[in-house]
Amino acid sequence: MQPRIVGHRGVAGSYPENTMASIMAAIDLGLEWIEVDIQPTKDQVLVVCHDYKINRCSNGKGRIDQLTVEELQQFDFGSWFAPSFAGETILTLQELLRVVKATGIHVNLEVKLDHEATGPVIASLKKELETSDVSPDSILLSSFHHDVMREMSRQLPEFRLGVLAERLNKKIIRLLDETSAFSCHLNARWLTKKQIKKLREKSVEIWCYTVNNPRFRHLSAVDGIFSDFPQRFLAPATAQKTEG
């Protein structure tokens, strides 16, 4: 079978990750799904960023949770990748959900928390999702944090959940059951046929990260792959849209 091709942080191999440019590139490719990371600012606004610090992917320094959204929006999140992307600003979840609503792209939101209390952050997420009026079918919620998964299961029962893990083990299997998860997102490096069989028996979808080689040995056995270079898995005419 052909798995879902999920644009990792948009099209992170060719565009600055988690930016509007990267997300629009995924849409231009015709991808059905993208994955992005969300976390709260100092003033509790959910923004799209992978690292807890902005040092790597902007011209600024500091922690997301120690800066307000207004402060974060002063930084350039594009030129670190290439000068042609200068001026890309940090995306808020609200801005992203407007794109989801307008274009029909599906998004896997990975919730990242460091020091923040889980309950209030998931309550903020719930409010944003309700306000945006996006269809639950357009959203998949995931996290490596088990308390976050449990809280999303309690507060957002109408949304599909994906449990993130490096490897499948008994603790992850219990969490899948506890949260009635739709999918399990595993590191492609460690995936085995035994794990695939176990998840198939549980009717849980198998999504793998990060797969950049089309010769991935389990490609036909999984339901989805996250890729920095999704164009490598598409027909040549489509893939050319992101070249150069």
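A: Glu17, Asn18, Thr19, Val48, Cys49, His50, Cys57, Phe77, Trp80, Thr89, Ile90 and Leu91 line the largest cavity. A lining residue has an atom within 4 Å of a point of the cavity; on a 1 Å grid over the protein atoms alone, a cavity is a set of points where a 1.4 Å probe fits but cannot get out. The model is predicted: local features need pLDDT of at least 70, side-chain atom pairs count only at pLDDT 80 or more, and totals for chains, interfaces and linings use all residues. Residues are numbered from 1 along each chain as its sequence is written, and side-chain values use heavy atoms, with hydrogens and water left out.

Q: What volume does the largest cavity have, and how many cavities of 30 Å³ or more does a search of the whole structure find?
A: Rolling a probe the size of a water molecule over the atoms shows where empty space is left. In this model the search finds one cavity of 30 Å³ or more, and the volume of the largest cavity is about 70 Å³. Here a volume is the space filled by probe spheres set on the grid points, which are joined across faces, edges and corners.

Q: Which residues of helix H5 are buried?
A: An α-helix has 3.6 residues a turn, so residues three or four places apart point the same way. Helices (H or I, at least four residues) and strands (E, at least two) are DSSP runs, numbered from the N terminus. Buried means under 20% relative accessible area, exposed over 50%, and partly exposed in between, with a 1.4 Å probe and protein chains only. In H5 (residues 146-155), the buried residues are Val148, Met149, Glu151, Met152 and Gln155. They lie on the same side of H5 because they cover an arc of only 165° around the axis, the arc being that of the directions from the helix axis to the C-beta atoms.

Q: What do the buried residues of H5 pack against?
A: Their partners are strand S5 (106-111), helix H4 (118-132), strand S6 (139-143), strand S7 (160-165) and helix H6 (170-179). Contact means heavy atoms within 4.5 Å.

Q: How is strand S6 covered, and which way do its residues point?
A: In a regular strand the side chains alternate between the two faces of the sheet. Ile139, Leu141 and Ser143 point one way from S6, Leu140 and Ser142 point the other way, and all are buried. Two strands pair if DSSP finds at least two bridges between them. S5 and S6 pair in the parallel sense over four bridges, and the bridge partner of Glu110 in S6 is Ser142. The chain crosses from S5 through H4 to S6 in a right-handed β-α-β crossover. Such a crossover is right-handed if, with the strands pointing away from the viewer, the path from the first strand over the helix to the second runs clockwise. S6 and S7 also run parallel, joined by four bridges, and Ser142 has Gly162 as its bridge partner in S7. Together, S6, H5 and S7 make a right-handed β-α-β unit.

Q: Which strands run parallel to strand S9?
A: Strand S8 (residues 183-187) pairs with S9 in the parallel sense over five bridges, with Asn187 opposite Tyr209. Strand S10 (residues 224-227) runs parallel to S9 and is joined to S9 by two bridges; Cys208 stands opposite Ile225 in S10. Both faces of S9 are covered, with Glu205, Trp207 and Tyr209 buried on one side and Ile206 and Cys208 buried on the other. S8, helix H7 (residues 193-201) and S9 form a right-handed β-α-β unit.

Q: Where is Trp190 found, and what is Trp190 in contact with beyond its neighbours within four places in sequence?
A: Trp190 is found in the loop between S8 and H7. Its relative accessibility is 32%, so Trp190 counts as partly exposed. Leaving aside neighbours within four places in sequence, Trp190 is in contact with Glu166, Arg167 and Gln195.

Q: What is phi for Arg9 and for Ser180?
A: Most residues other than glycine have a negative phi, and most peptide bonds are trans. Arg9 has a positive phi near 55°, and Ser180 has a positive phi of about 50°. Arg9 is placed in the loop between strand S1 (4-8) and helix H1 (20-29), and its relative accessibility of 13% makes Arg9 count as buried. Ser180 lies in the loop between H6 and S8, and at 63% relative accessibility Ser180 counts as exposed.

How values were computed: 1 Å grid on protein atoms, 1.4 Å probe; cavity = no way out; pocket = protein on both sides within 12 Å on 5 of 7 lines; lining within 4 Å.
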